[in-house]
Amino acid sequence: MNARIPWLRLFIIFVALFAGLGGFIADFSETHILNPLWPPHAKFHNGQTMSMGMLLAVATMVFAFLPTSDTKLRLIGTAILGTLYWTSIVCAQFFPGVAYFDPQFSEKEKIMILGHRLTQGDMGSILVVAVWAAVIIFLARTRRTT
Amino acid sequence: MSWGKGLIAIAAIGSILVPIVVDGVMMARAHMGNPLWLPHSKLHCAMSFHAAIALGLASLILVFARPSSDRLIMGVAAFTGTAFWIGLIAAGFWPGTSYGFAGDQAFDMPPPTLHGIAIYPNVMAGIAFTIAGWVGFAATAMSTRSTKP
């Protein structure tokens, strides 16, 4: 009975919604889009990432349950769409001059999760690795049983 | 390759090249090199570059690496190829944003105008690439339907 619940796809949808809705809730604040120190075009790039996070979350939900005979492709596509936003957060830290929070909000840089203080990059890395590890294990098991 | 797939590929290549070449290199002084941008706004700019490249690559992989032209695959290819551009157009509706450089004292460049109306090149590119990607999808969907027995 448990096998009928698509836990893996639901997990990927959770990761995508965390990015889409979480990004919106976190960024619609004085630290981002309402920050008077950010020039309008900097806010525009923030708006782009918020819009993309939500678009990708919707696309992940739609793609995860599209009827198709190619379920392997559907799972991999769902994982790509669901982790893309987090991957872009992780990669963005390698550009010069960037930071997860501006100096005046440095106390917010690390978020306490399950007793650990994590940056957005740490959180993104954990989620991306978790999703892809689960997908690879699932596909390996499926291949073994077929 | 069908012209429908070609149009999707054009939108995808636009996602990969245009943001990094225009914003990241040609207009770096207005973005990552802008002294008025706080570090975290630069992080969001870098995120938009990476998301654009990843989406474009995902679209190209679907268009070229799989022999399939079915509607699902081409729909996802069109979405990934145009999501950056749709997000760009939507970004202008958030409060306090500007498609151009309004209010930026370090890089004050007014947009070109036509009959007094501001024409933003990034919005024009966004509309063109979005139309290209979805017209491409419609073309592949129609050709798939017409070749079915």
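**Notes on the chain B–chain A interface**

1. Start with H2(B): 20 of its 26 residues are buried, so this helix is largely enclosed by the rest of the structure. Buried here is under 20% relative accessible area with a 1.4 Å probe, protein chains only. Helices are DSSP runs of H or I, at least four residues, numbered from the N terminus.

2. A word on the source: this is a predicted model, where local features need pLDDT of at least 70 and side-chain atom pairs count only at pLDDT 80 or more, while totals for chains, interfaces and linings use all residues. Residues are numbered from 1 along each chain as its sequence is written, chains are lettered from A in the order in which they are written, and side-chain values use heavy atoms, without hydrogens and water.

3. On contacts (heavy atoms within 4.5 Å), 49 residues of chain B meet 51 residues of chain A. The buried area, meaning accessible area (1.4 Å probe) lost on being put together and summed over both parts, is about 4100 Å², with 78% of that from carbon and sulfur atoms. On the chain B side, B:His40, B:Met47 and B:Trp94 lose the most area to chain A, together 17% of what that side buries.

4. Which helices of chain B supply at least two residues each to the side that touches chain A? They are H1 (3-26), H2 (39-64) and H3 (71-91). H2(B) gives the most, with 16 residues.

Terms used: Buried area is the accessible area (1.4 Å probe) that two parts lose on being put together, summed over both. Buried means under 20% relative accessible area, exposed over 50%, partly exposed in between (1.4 Å probe, protein chains only).
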